[in-house]
Amino acid sequence: MQRSLTLRAGALSLIILALALFGWQIAVSGVGKTEAMDPEYAALMGETATTGKSAMPGPLDVGATIWKHLKDPFYDRGPNDKGIGIQLAYSIGRVALGYGLAVLVAIPVGFLIGMSPLMSRALDPFIQIMKPVSPLAWMPLALYTIKDSSLSAIFVIFICALWPMLINTVFGVSSTRKEWLNVARTLEVGPVRRAFTVILPAAAPTILTGMRISIGIAWLVIVAAEMLVGGTGIGYFVWNEWNNLSITDVITSILVIGLVGMVLDQLLARAQALVTFPE
Amino acid sequence: MALFDNPFGTPRRLRGGCSCGGHADQATHEAALPSGDAAITQAVEATMMRALFPYAAERRAFLRSVGLATAAAAVNQFLPTRFVAEAFAEAGKPEKTDLKVGFIPITCATPIIMAKPMGFYEKQGLNVDVVKTAGWAVVRDKTLNKEYDAAHMLAPMPLALTLGLGSNPVPFAVPAIENVNGQAICLANKHKDNRDPKNWKGFKLAIPFDYSNHNYLLRYYLAEHGIDPDTDVQLRLVPPPEMVANLRADNIDGFLAPDNLVQRAVYDGVGFIHILSKEIWDGHPCCSFSVAQDTIREMPNATAALLRAVLQATAYASKPENRKEIAAAIAPANYLNQPVTVVEQVLTGTYADGLGSVKKDPKRIAFDPFPYESFAIWTLTQMKRWGQIKGDIDYAAVARQVYRATDAAKLMRQDGMTPPETTTKTFVVMGKTFDPSKPKEYLESFAIKRAS
Amino acid sequence: MSTLLPFARQARPVAETRRTTSSDKFISIEGIARRYPAPGGKQTTIFENLWLPVRRGEFVCMIGHSGCGKTTVLNILAGLEAPSEGVVIVDGQAIAGTSLDRAVIFQGHALLPWRSVLGNVAYAVSSRWRKAKRAEVEARARKAIATVGLAGSEHKRPSELSGGMKQRVGIARALSIEPKILLMDEPFSALDALTRGTLQDEVRRICVETGQTVFMITHDVDEAIYLADRIVLMTNGPEAKVAEIVENPLPKDRDRTQLHHAPGYYALRNHLIDFLVTRSRTLRDAMPEGYDPMHPPVVRPSLSEADAAAITAEKPALRA
């Protein structure tokens, strides 16, 4: 019964997808009104102007573009034109670096803050103000102070990934059940051992939730940051294709960005499942 | 004007009895000689005086004409001292050969871009990466941060940077202009029958950057037709690729932008060419090749080599017969990332105007590297006119410090090119002659302006 | 029926109250108080000047209504809270903080949910014997688990266990560190009656076998009667006092199912219930003349007069 439900749900998903693609293709395959042009003039114009072809690409165009990128993901034709695989690698590398740094800072600092009610109260307003700041608002400041666009992008990821993890770590640590702490106290467990054997496992699910929020943000931010500073990365790729008004490539990159984001999220979801304990 | 403070401390008599002119005789001079860094600076200054004015008679005439304090200040302007003939004349080995030059993907950057695929940088022994950049502010910041050794900037940007408009003041130099003309006012198709600017009240028009001749030309054009650009229309800063998309989405009524974008709007059937920018001012500078002055000081040879490559590429690009080849070289994704036919229409001047006819204007875009100081002076008058510069300004001094006409002329001569005879020239903007020696009067002659 | 001989109800004067000698004060609570700041700069006193001796190997239950500070007393004994005044002396030494010598069985079992049964007990064992090898830790943990009858469930997670089993793990954890004193805070209150009974049997068996000193909080009168050697009655809070210490007259060798047949059972039970129903309140308001908080009265309840009358009235009928 369960299996047949899964099967039916899968089949339904496929049907919905097929219908959506079909509808999309129909919607863009219409030909608009065109005026008669003399051939010399027409030669200088694009298809939208000459044949009335929709400016919006259809699923077939996008499919062809995806295939084109998949066929050769790692080409390198100079500093401004690299394959989508290379661009993704740049972006993932930056996210890994900025996010990794944020983990290294947020978890220990969150731990210290969470263990002290005084500190958590005192720092809370600062964290609350910093948290909702848009990633791109950090960008000019980062560029101005760090004076390196690549490092700035990493910094922006760091600063944006930091807060959810910090807040969740503080919350997870400070809401460790009193009775678990009392167990550790009656067993004369020292502070370091207590941190690792009681507080960390108790707070781990909350911390992982924060990490999962953060990776989502980091991935959102890298695309935006790379669009801004350019150079390399999937964000630059989108910008470069947007610059060329190539909607087909933009849609392709949207799919790729979504896919990678999903994979990153799922990785952390797995990690989260590992540390979550039923009560 | 802290920028032009005299670092000499006390005004110095340059015609005294000693080598520096500050002392009664050489002995007193030597007794007063500073040591360490100060000594080096003074030595450099002395060299510079000699380099600027190799002939004693000329030097004396200069000092007589401008007075001592002004002379010191004038020399100070050239403090990136070795960026003068002697540094370039020796054609020394570049201090470093791996260089990065930033550009914005528009046809104005043609010389800077094409120098890469067509081997002009290589010929100078340089390994240059031309790096596509997302916007003017980013180009500015990356150049300030020394991520780029030099960059393609809008011609007014180095002036703004040097004066500290919109950023901290950092002295920049324009050793070469990239292109003249090559911009256009593009309007949405719905305005095909509304061609008189007098009826444009309430228009939303896009420009690429505050410190751009696009801004100043559009404002000039509107003001000449009685439209106050600050109150009668909305001028919006829009990144170039978004201009066409915004035009399609009907968010803006038009824009004044580089021709490849204008042509792209025509190509995609969303807009038409109202006028080319050359119809406002034929021969106006648009973009510049810009270097920070301290970069020049740190690596004069590399900068000179870079500049030579750009000058030669510009010279090559200025010949109409080369334009098709250039279009093919710079259209791919690594550079402009535009359909070849769009780039070709811009560079060859045979283009569709969006109104159904094919126009031919070989001077639609031209490449002329010479950074006339009068260009800078005109730009400064417009910066002041629209309130970007507040207070008084020494037009000529700023222009000379940033637009390096003399240096460009020297290099051009070395490379067998023929530079213009003078570093300034008069020109006509919408029928009105601009005399670079009378910027104040020029500014006062406008009815619509923000400057008091 | 002769075994049901009534105890003479001896309302002994204070002077005659049996005194504990210093030699059998294994735990001595000496004049502790607990106060909390209250709004308006005042202080709420939960209890003050509280004295209580506990002998080695004795099972003491404390009974009282909610708010009388029972749990606070236990926490102070555990070292989890510090008294506002006074000291607690254990085995000749004033306590300062928690100690592995005093194991706590928490009301809500307090198992670490991310650890298995074995892991929870082993955590305690490895805290007690820091240098012990893994194998030794595991062996001790397994032994403790077997003691509470959970052998075979070592690798289950707390979430897979029933409430009773969880509390068994809590007991195993406490026992595994071989404490000098076992402190229990209403350990069975969350369990169903059947499970509670079984666990009470287990606890009694283990404590009798090991001669464990136990201080337990409960508000279940039957539990106290079954388990305790002495029952401490607290008046209502705030400013709760030890009203009296009731000595359990029932023989050490008890059977839970037969308990209500034991002589003196009803007298004891009635005495306790009377206390909880009325005297815990009246005594708070006015302690009897000559009450000395340092030496609360010790009571051995006997048959009430009504009981005695009923029994004597029954005898002739039987004989007839």
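Helices (H or I, at least four residues) and strands (E, at least two) are taken as DSSP runs, numbered from the N terminus. The model is predicted.

**Exercise 1.** Describe chain C by its secondary structure, burial and contacts.

*Solution.* 
- Start with the elements: chain C has 8 helices and 11 strands.
- Turn to burial: of the 320 residues in chain C, 41% are buried.
- Finish with sequence separation. Take the chain C contacts between residues at least 6 apart in sequence; 73% of them join residues at least 24 apart.

**Exercise 2.** Work out which parts of chain C touch chain A, and the classes of residue on that side.

*Solution.* 
- Count the partners: 17 residues of chain C contact 15 residues of chain A.
- Locate the elements: β6 (102–105) and α2 (117–128) of chain C each supply at least two residues of this side.
- Find the top contributor: α2(C) gives the most, with 3 residues.
- Sort by class: the side of chain C that touches chain A holds 12 nonpolar residues, 5 polar and no charged.

**Exercise 3.** Determine how α6(A) and α8(A) are oriented, and list the residues of their contact.

*Solution.* 
- Take the geometry: α6 (residues 117–130) and α8 (residues 149–174) of chain A pack at about 155 degrees, with axes 11 Å apart.
- Apply the cut-off: angles over 145 degrees count as roughly antiparallel, so α6(A) is roughly antiparallel to α8(A).
- List the residues: α6(A) contributes P117(A), S120(A), I127(A) and M130(A), while α8(A) contributes W163(A), L166(A), I167(A), V170(A) and S174(A).
- Sort by class: the contact of α6(A) with α8(A) has 7 nonpolar residues, 2 polar and no charged.

Note on methods. Residues are numbered from 1 along each chain as its sequence is written. Chains are lettered from A and ligands numbered from 1 in the order in which they are written. This is a predicted model: local features need pLDDT of at least 70, side-chain atom pairs count only at pLDDT 80 or more; totals for chains, interfaces and linings use all residues. Two residues are in contact if their C-beta atoms, placed from the backbone, lie within 7 Å. Ala, Val, Leu, Ile, Met, Phe, Trp, Tyr, Cys and Pro count as nonpolar, Asp, Glu, Lys and Arg as charged, and the others, Gly among them, as polar. Axes are lines fitted to C-alpha atoms, for helices over the stretch in contact, and angles run from 0 to 180 degrees between N-to-C directions. Angles under 35 degrees count as roughly parallel, over 145 as roughly antiparallel, 65 to 115 as roughly perpendicular and the rest as oblique. A residue is buried if 20 or more other C-beta atoms lie within 10 Å of its own, exposed if 12 or fewer, and partly exposed in between; C-beta atoms are placed from the backbone.
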